[in-house]
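Subject: Structure handover

Hello,

Here is the structure I said I would pass on to you.

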Number of protein chains: 2
Amino acid sequence: MPCGGQGRCGRCAVVVQDGTGVRRRSTLRLTSDDLAAGYALACQTVVEGDAVVTIPPQEKIERRLVTDKTATKVTLPFIYDPAQHQPMRLFPVELDSPDMADQTDDWSRLRRVMATTYDVSDLTADLPTLRRLGIVLREHNWAVTAVVEMDTWDQPDGSHRLVDLLPPGNTQHLWGAALDIGTTTVSLYLVDLLTGEVVTKAAEYNGQIKRGEDVISRIIFANSNKSSGKNGGLGELQSLVVGTINELLERATRRAKISSSEIYKMTVAGNSTMIHLVLGLPPSSIRLEPFVTTINHPPPVPASELGINIHPQANVDCLPGVASYVGADISAGVIGSQMCDSSSLTLFLDIGTNGEMVLGDCDWLISCACSAGPAFEGAGVRDGMRATIGAIEEVWINSETYEPNFRVIPSPKLESQGLPTPPRGLCGSGLISLLSEMFINGVIDKGGHLNFDLGSPHIRQGEHGPEYIVAWGDQTEHSGDIVITNVDIDNLIRAKAAIYAGFAVLAQSVGVELSMVERVLVGGSFGQYINIEKAVQIGLLPDLPWEKFHFLGNTALQGALLALLNREYRQHVSEAAQMITYLELSADNTFYDAFTSALFLPHTDVTQFPSVAEVLADRGGQSVR
Amino acid sequence: MPCGGQGRCGRCAVVVQDGTGVRRRSTLRLTSDDLAAGYALACQTVVEGDAVVTIPPQEKIERRLVTDKTATKVTLPFIYDPAQHQPMRLFPVELDSPDMADQTDDWSRLRRVMATTYDVSDLTADLPTLRRLGIVLREHNWAVTAVVEMDTWDQPDGSHRLVDLLPPGNTQHLWGAALDIGTTTVSLYLVDLLTGEVVTKAAEYNGQIKRGEDVISRIIFANSNKSSGKNGGLGELQSLVVGTINELLERATRRAKISSSEIYKMTVAGNSTMIHLVLGLPPSSIRLEPFVTTINHPPPVPASELGINIHPQANVDCLPGVASYVGADISAGVIGSQMCDSSSLTLFLDIGTNGEMVLGDCDWLISCACSAGPAFEGAGVRDGMRATIGAIEEVWINSETYEPNFRVIPSPKLESQGLPTPPRGLCGSGLISLLSEMFINGVIDKGGHLNFDLGSPHIRQGEHGPEYIVAWGDQTEHSGDIVITNVDIDNLIRAKAAIYAGFAVLAQSVGVELSMVERVLVGGSFGQYINIEKAVQIGLLPDLPWEKFHFLGNTALQGALLALLNREYRQHVSEAAQMITYLELSADNTFYDAFTSALFLPHTDVTQFPSVAEVLADRGGQSVR
């Protein structure tokens, strides 16, 4: 948890249903209503006897970025032709019924028709399909619809696998699913493979969150004996994410009015840890030097082996990653963002807990991952929170009074009653916005130190050192002030410095200047809410004209969709994963130098940020050199 | 059951543990000791209230043909060279450990070494193997032994599948198992795949027997709702045979002092129904016209999918069959008997419940199956029994007194005390012997009718018509006479006629005479105990010189062994299954004519049995023309 067990962040609040066995040492961050409802801070509570404790479903209630939308129109970079692009095919087949003159076995009979009618030779089938074969053929009087997987990435010359047999005439729909398993959020597209249409989408918090917020804590949990489940920490994490996936499938198929067993293929993007966990592969080597995965390009796995509720024989195709910290989310993102479709020098970013980035054009790609930490996700910051209801998502500071003004992610309920939503904390975009405004208006200097000379009541010496008050307690939900402390500011500067240093090292390693970048493609849901101007002003993003930035949303999910629909794009993802050169920053002194240089606002070398220098000059504020 | 529920055969005896709820209508065939022990004839007992009923494990106690022997020397028709013949291979591999300069994932690292060191390219692995990969590599400091399946019959150009990773130095043994699933008996060879040696063998009654003795009753049970198990009759039969297989594995591996998870491959022979049942494929179409299987050549299936306790990723390779009633036992038997290794015109037989036979040479093969019924297995005959302790296995009749003399399969316990074993009934070889002796000595005529003119006390009018007393009640275990009735004789003649008609139709269909047959290869455990002379005298086997008959024992198991050891022989089994022309007798009038002609002793056309004609002439017995 962000505060490290000091009772300050309130993120570990749990409900003690039978409170007789526990003693609360501190109730800071809990309201009297919370206490009445049984809440306790887990880190501050001593268990002295029997107690029943529940992890509250807060996250579900407060969802915002995690949105479910019906039938978002998704644009494909090709005109979809299932016969040409789609490895899953439906074939209506009519067999001659056997008689005493032709006692050919059922399977050979079906194979014969598939070969003569459709030129589909060497058809194979799994045992569960063969177990149904005789019954289905006879039930439907030897006329059926065959669901065939024509090829997979590891058998590009054709696998011709019979996945299912349907009653005759079942040729109207063929379903697939594209999935992105984020550390925080799992997102799904339900796709009609005959039309290429995304029929519905669904998203949900990754059920693994309760066992750790970031990949590192999940890896530690996977390897620990803290799980009460019989399959240990790894088994529990595998079950948790599969639980989330099945919930999404249930929701999506209910909306589309189909059965989840009608889904015959799934492609999966995600970082390397998420892919390891969903496959039940031990992730421990990802965390330990030299940071190696078990497998970057897993084979297709039948859904039944993972417990995913689609057709049991459907292949779950986990897309290939590049390295431990540049996973399938990035290789899928590169394809989803169409980064390679142009010869322009392009920078692709996916900023979350880690900042992963790829620089290149259609001929070469180089990538790295920066351990930015979870500051921009609201963790590691005193009043940080996720981008849910009550989060301050944008801040403006009056350049004369230093009074802040802000916008809060509204509660739909309060909004419908015409009431404002009281703020609860600061989310990532709010923090970027706040940091930028403080810097541009001179509330902090380029080193991030608060300027007490301004005499503003918003700048004070707090319990934990200097801090700036963003919202007074009389405005806030929990009646406490919402502040940003010098420690928070340091954390944010370190995070942005790590990311910018990544850009710098990538560019330097291939001998280009960041100013030569022609396009910046920003993936990930976080990217969608960033204010470019402010992100540039703090030195998080390179100082390029705004029109060069493109916010693409969930590029990993888009990549998974393209790989689901089109075998050529599936191949492109493999090629991208092969082609991307991975730069290991922890082994690189250049990175450390670049990081140190970036530990200022916007940077030690302000010539790299000409637009920011101009703004500062205009405001006549502090010297920036 | 043989008597069809008339309370006469005693085969349905069960133990009623709490007898208050049942009423015994007849206790014929039960001794007072049996009654005291709670035995009841299931077919003659009415359940009138609660009762606990147990199927007694008699068969296990009375085992004889089902023998377990340690390390029988099995001869191979080739000099075994694992590097050339064996698709399962052990590779010692040493990997460079990863470092910051080479962060290649574990799997690619292993593949790289396998490709460069052993030219094993495109290695694949199943998910459970990948799940152990990282841990095993690190535990053994990057030196391991890879267990690789180089190819399978359906991927002859190479599958290169990593089946397991062992600690370094584990290169002394590599285990496989060859299995024959008979309707009655399941037999197993445990084989060292590095030397080709059969290290131990084990055999056991097929656990499915309690759900029916022959394939037809098993098929009916599979499709019925009589099973109390949640997976229905089919699931129960699948579990029962897998239970037997696992028992054999447990026994064999205990003797060899290995773990069953060290077995990396299994080949399986068996008739089509047994193969369907072990795979869990519904067998109902095998029984119903036009008698079609679901699949004649099943794909290799991981042991874990079947519940067979060898290495979970080991392939279980069920050998290919020809048709519903000419299964993998026959195609394996053709290879196991080396029928095709010679250009001699050869007849291969496997006589059990069905008489299956193949005629041909190295260029062509034609087969058929005759529904002989279970008479030669001791069923369908009043005093018939299996070839276990107490069975009369050979009979001699005095040509002047018509007094019988016989040999009984001894009880080892009684034998060790110097005591004779009292007879309990007649097994197949005893019945053949008895029928022949009765015929040659004129006790019956060529139509099988008892000759009352002889005035022998052994020939009498019994309760169920004319009968010949083989053993008086004062000699027998159950104190009742052991007899053969006219009905029994008719059944036996019909059975032998069906088999001989099969030979005749096969020969006729390809335009050869049976007398032209150069070799008769007899497979199956039944064959081992047949007296050729007597089998020829009743017209069961064609009248050929004795030296042309070769009794080969379990040719199906031998075929499974060859297929296990040598990929070329595995291919030969497939080729045999493809090459064998199946003649469906039930659609053939020629068969009916041949059958009718064979309903005499030895045959309507005695010129086909010159040696028998000679014996009859010598004895001066009845006219045979």
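The count of disulfides over all chains comes to zero, where a disulfide is taken as a pair of cysteine sulfur atoms within 2.5 Å. A disulfide is a covalent bond between the sulfur atoms of two cysteines. A:Cys362 is in no disulfide, and its nearest cysteine sulfur, in A:Cys340, is 7.7 Å away. With 32% relative accessibility, A:Cys362 counts as partly exposed; buried means under 20% relative accessible area, exposed means over 50%, and partly exposed lies in between (1.4 Å probe, protein chains only). For A:Cys370, the closest cysteine sulfur is that of A:Cys368, at 4.3 Å, which is too far for a bond. A:Cys370 is buried, at 1% relative accessible area.

Before the rest, some notes on the source. This is a predicted model, in which local features need pLDDT of at least 70 and side-chain atom pairs count only at pLDDT 80 or more, while totals for chains, interfaces and linings use all residues. Residues are numbered from 1 along each chain as its sequence is written, chains are lettered from A and ligands numbered from 1 in the order in which they are written, and side-chain values use heavy atoms, with hydrogens and water left out.

Next, the sheets. Helices (H or I, at least four residues) and strands (E, at least two) are DSSP runs, numbered from the N terminus. Two strands pair if DSSP finds at least two bridges between them.

In chain A, three strands form an open sheet in the order 20-19-21, with mixed pairing. Strand 20 (404-408) and strand 21 (425-426) of chain A are at the edges; each has a single partner strand, so one side of each has no neighbour in the sheet. Strand 19 (residues 391-397) of chain A pairs with strand 20 of chain A in the antiparallel sense, over five bridges. In this pair, A:Ile392 is opposite A:Val408. Helix 13 (residues 428-440) of chain A packs on the sheet and touches strand 19 and strand 21 of chain A; its direction makes about 15° with that of strand 19 of chain A. Such angles run from 0 to 180 degrees between N-to-C directions, and the axes are lines fitted to C-alpha atoms, for helices over the stretch in contact.

Also in chain A, strand 22 (residues 459-462) and strand 23 (residues 465-471) run antiparallel and are joined by four bridges. A hairpin links strand 22 of chain A to strand 23 of chain A through two residues, and A:Gln461 stands opposite A:Pro466.

Chain B has an open sheet of six strands in the order 26-25-16-17-18-27, again with mixed pairing. Its edge strands are strand 26 (549-553) and strand 27 (580-582) of chain B, each pairing on one side only. From one strand to the next, the twist averages 20°.

Last, the interface. 39 residues of chain A are in contact (heavy atoms within 4.5 Å) with 39 residues of chain B. The area buried between chain A and chain B is about 3100 Å², and carbon and sulfur atoms give 63% of this; buried area is the accessible area (1.4 Å probe) that two parts lose on being put together, summed over both. A:Met100, A:Gln103 and A:Arg131 supply 21% of the area that chain A buries against chain B, more than any other three residues.

Regards
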